[in-house]
Amino acid sequence: MTLRTIFERQRDIIDYSLQNMLRRWSKNTLILIIFIVLVFIVSSVLFINGSLTKEMMVTSMDLPDITVQRIKGGRQVNIQAPDALEIEKIPGVEAVEKRVWGYFYQETLQANFTIYGMDLDQLEKGEYNQIVDWKSYPDDIERNPDFRMIVGHGVLELLKNIEMDNTFLFFQPGWQQLISFDIIGTFRGETELQSNDMMILQIQGARKVLELPDNEFTDLAVFIPNPEEIDNIALKIQRLFPGLRTVTREQIKNSYASVFGWKSAFVLSSLLAGIFAFLILIWDKASGLSLEEKREIGILKAVGWDTALVLQVKFWEGLILSGISSVSGILLAYAFVYWLRAPGLKQIFIGWSTIYPSFRLTPDVDFKFLVLIITICVVPYLAVTIFPAWKAAITDPDVMIRNI
Amino acid sequence: MILHPWILGLAVGHSTLLLLFSLCVLNAWQIFRGWDYNSTGENQFLLEKKTYLISSIINFTLFVQILMLFLFEITADELANVLPGAMCAVGTLSSNNYGFLLLNLKIVSTFVYFMWLVINYLDNQMETYPLVKKKYLALILIYPLPIMEIILFFKFAFHLDPSVITSCCGSVFNESAKGIGGSLANSSASISLSLFFCVAFLLLGNRYITCRWGRGHKRLGALLEFPFWILFFITAILVTISFISTYVYEMVSHNCLFCFIGSQYHYYGVFLYFSLFIATGAGMTGGLLEMITKPAILAKKARLLQKKMHTVSFYGMMLFLVTGFWPFIVYYIKTGRLI
């Protein structure tokens, strides 16, 4: 048989399978719909997982190489200034940044803001110029330079509700009076993932709000130019200062990837029950041939079709059905995740906070997801259809036609 | 143990495979026991029908097996994100004792399924199914392969510990490293290249001589193809580690077998390994087909199929050579020197 005749023969078989399926559309539609839903859920979970992991990998580039915290009684406490000096002396360390940060809970809004202390004068000159929309104020009012801040977009939207989008009043229990902070700028949309719940305060103001004494810091960020040295220096810090804990960027990345993987696998495992039920349905549908179908196969065999040919028809039917469902399921999932931003599913992955960014997931669709989707959805489906297909194909024509 | 979508996918795939294979072996056993071509009883009739089931299942199994080989490599690559210290598939595979073992087993079983299918195809062309008992016995004998695979897979998955620091490909295939990977990389490019081309010329020379000489030598030459192709596969992997990879990555120190499979290198590895697998699979099967001598009409058909296999393996080898040495040629033309 030449290649051409093989090709033509297969085309005829496909043609027959298609006609066959169209004639029994009511039976196939149900299977198709369930199949599409299954592929849709599996691929949505994988797409979200893929994009979040990628997003996290990109963002983690900005993380410090090592974060150093002081641990006392198993809990994190403030770190002292001298520690930073000692760490800076370790060969290989380029810089140690002393960080001042914490959270502020606003009761009326029931929102938690992330507060970060920085020197805002430096920011105004530096690279932040491009990512911040600066506000200008008339200069006639006396303002305290320590009480200024830049806020994220999400924060500003919330503050508008309580009409504090120009100045925000901080209050902590135990204070005699409120402290008002001027909002001098907001972060632009493209930094939403990191900046949405952020308030960047002038460092002295931040100390005040966080009630952090001078000479103490929340933690240290250590920067190391040579990535090969990171693990060794982390080890060195732990040896020199037994009271300090080091977290490297690699560790943070791994644990995030672990968490995303764990979450999606958890969703998928709960879906396995659904897949199993679907397979039972398929088995049932495929083995219980209707009288008409039986007669049809009987006639086909009577006019000279052999078992292998009937099997091929069944195989093509399965392949066409799973092909259509996979393609539509994947396309639907793509639209759901990247256009509709995966309502309902995304929350499982990113957390629960009220102010969490409504960021758009960037598409990261790879050939590898296709392999996984096929393995989870299509392979079990085809496997389940083999036995009933064979059972239908081997029955003898006389038995079928006479309806025994 | 890591609960991860990829691990889950592999678990689903392996379970499906084993389930189907078990169904197959059950029927194969019945055929093996009760086959009698001259009988006209109902039982023989049913057994003949069962042969269809078995060939459909093994066809499907081969397809899934190839898919799983891919999936396994992708999984290893993906899990490198989760395991500390692992930078690509090698790190994941070597994070416990089972990873590379499982990969090797997978490659072996892919070839075995392929060869079984070709023999099955040949046998099905005959009305009397002369090989039926032998091939179903073979099927029962290879049943341990999928069982071993699933055991190794679960051992591998359970022993994946996200807190163990693993070695990355830089250190596994590093020249100063001890162990098999290191000594493979250490065998300098010139040695592995000459080994590889020796085997390749041996293969082609053997074929040339076989074509020219008489019947007796012909048989020996064709039988020799089987071990030669295994050697070819091993030396090809060796050359990939010590020579081809350096030119793909354009780095002397990077000798990884897996990094170039992904989209980062435009799926270069997919083409490379595809041609290698096709060549080796077809070549080995060609050697195996020589063992079929009785009955004469089957032997004749076997020779015909053998010829086809020889052609396929030849073109596969050429494709491998072109794909494998393309980066080297491009590099040499661009820079006018070796790495």
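**View 1. The surroundings of A:Val42 in this predicted model.** Setting aside neighbours within four places in sequence, A:Val42 is in contact with A:Leu268, A:Leu271, A:Ile373, A:Ile376 and A:Cys377. Here, two residues are in contact if their C-beta atoms, placed from the backbone, lie within 7 Å. Residues are numbered from 1 along each chain as its sequence is written, and chains are lettered from A and ligands numbered from 1 in the order in which they are written. Because the model is predicted, local features need pLDDT of at least 70 and side-chain atom pairs count only at pLDDT 80 or more, while totals for chains, interfaces and linings use all residues.

**View 2. The largest nonpolar core.** This core has 136 residues, and those with the most contacts inside it are A:Val39, A:Val42, A:Ile373, A:Cys377 and B:Cys24. Its largest share, 18 residues, comes from helix α13 (residues 367–394) of chain A. Apart from this core lies another of 35 residues, including A:Ile66, A:Val96, A:Phe187 and A:Ile233. A nonpolar core is a set of buried Ala, Val, Leu, Ile, Met, Phe, Trp, Tyr and Cys residues joined through C-beta atoms within 7 Å. Buried means that 20 or more other C-beta atoms lie within 10 Å of a residue's own, with C-beta atoms placed from the backbone.

**View 3. Helix α5 of chain A and the residue after it.** Which residues of helix α5 (residues 153–161) of chain A are buried? They are A:His153, A:Gly154, A:Val155, A:Leu158 and A:Leu159. Just after α5(A), A:Glu163 takes a positive phi of about 50°. Helices are DSSP runs (H or I, at least four residues), numbered from the N terminus, as are strands (E, at least two).

**View 4. Where chain B touches chain A.** Take a look at the partners here: 26 residues of chain B are in contact with 33 residues of chain A. On the chain B side, α1 (5–34) and α2 (42–79) each supply at least two residues, and α2(B) gives the most, with eleven. By class, the side of chain B that touches chain A has 18 nonpolar, seven polar and one charged residues. Ala, Val, Leu, Ile, Met, Phe, Trp, Tyr, Cys and Pro count as nonpolar, Asp, Glu, Lys and Arg as charged, and the others, Gly among them, as polar.

**View 5. Chain B as a whole.** Chain B has twelve helices and zero strands. Of its 339 residues, 43% count as buried. The C-alpha atoms of chain B fill a box of roughly 70 × 55 × 30 Å, taken along the principal axes.

Methods
Buried ≥ 20, exposed ≤ 12 C-beta atoms within 10 Å, placed from the backbone.
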